[in-house]
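The exercises below are meant to be worked with the sequence and the coordinates open side by side. Try each task before reading the solution that follows.

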Amino acid sequence: MADLTRVSISLESTLLSEFDKHIAGKGYDTRSEAIRDLIRELLVRDTSRKAEGDQVAVVTLVYDHHARELAARLIDKQHHHHELVISSMHVHLGERHCLEVSILRGAGKEVTHLGNALIATKGVLHGEITFTSGEKGLNKWRS
Ligand code: NI
């Protein structure tokens, strides 16, 4: 790794011990890698929503397909912004519920707007927008 800077931080010992247990449970070998991932996650989450250009997000929706015209309304919204929708996957969870996962790509504001519109559609039971980053975003923070 190039251009590394060593930093020292002060933490309560109980907080550090909880952190160490937590990251060991997740399979991290070192605190440094866990902290780098936390920082990248914070930066991606807080900057992607507002950033222009090549932002990428995963939108998860759970809905009842018996809800009147709901599936059609969700499809209409995605067709209306077809340039933002890279791919969608539909899973029938059971007799009633469907899980739909869509990957959106575009300017942060537009991706957020469409994701929120899908989640706010009447009858959607649970929804979440998770931003990751386009090629450029993560390259900025690599060593
Ligand atoms: Ni289904």
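Two strands are taken to pair if DSSP finds at least two bridges between them, and strands are DSSP runs of E of at least two residues, numbered from the N terminus. The model used throughout is predicted.

**Exercise 1.** Determine in which sense strand 2 and strand 3 pair, and how many residues lie between them in the hairpin.

*Solution.* Begin with the ranges, which are residues 85-92 for strand 2 and residues 97-106 for strand 3. Seven bridges join these two strands, and the pairing is antiparallel. Next, look for a facing pair, and find H92 opposite C98 of strand 3. Finally, the hairpin formed by strand 2 and strand 3 has four residues between the strands.

**Exercise 2.** Work out how helix 3 and helix 4 are oriented to each other, and which residues meet.

*Solution.* The axes of helix 3 (residues 70-80) and helix 4 (residues 108-120) come within 10 Å and cross at roughly 170 degrees. Angles over 145 degrees count as roughly antiparallel, and the two helices are therefore roughly antiparallel to each other. On the helix 3 side, L74, K77 and Q78 meet L114, A117 and L118 of helix 4. Sorted by class, this contact has four nonpolar residues, one polar and one charged.

**Exercise 3.** Decide whether Q55 is buried or exposed, and find its polar partners.

*Solution.* Q55 belongs to strand 1 (residues 55-64). Its relative accessible area is 10%, and because buried means under 20%, Q55 is buried. The side chain of Q55 makes a polar contact of 3.4 Å with that of S48, while a polar atom of the Q55 side chain lies 3.0 Å from the backbone oxygen of E52. Leaving aside residues up to four places away in sequence, Q55 touches several others, including L104, V111 and F131.

Key
Residues are numbered from 1 along each chain as its sequence is written. This is a predicted model: local features need pLDDT of at least 70, side-chain atom pairs count only at pLDDT 80 or more; totals for chains, interfaces and linings use all residues. Side-chain values use heavy atoms; hydrogens and water are left out. Axes are lines fitted to C-alpha atoms, for helices over the stretch in contact, and angles run from 0 to 180 degrees between N-to-C directions. Angles under 35 degrees count as roughly parallel, over 145 as roughly antiparallel, 65 to 115 as roughly perpendicular and the rest as oblique. Contact means heavy atoms within 4.5 Å. Ala, Val, Leu, Ile, Met, Phe, Trp, Tyr, Cys and Pro count as nonpolar, Asp, Glu, Lys and Arg as charged, and the others, Gly among them, as polar. Buried means under 20% relative accessible area, exposed over 50%, partly exposed in between (1.4 Å probe, protein chains only). A polar contact is a pair of N or O atoms within 3.5 Å; within protein, one must be able to donate a hydrogen and the other to accept it, and residues adjacent in sequence count only if both atoms are side-chain atoms.
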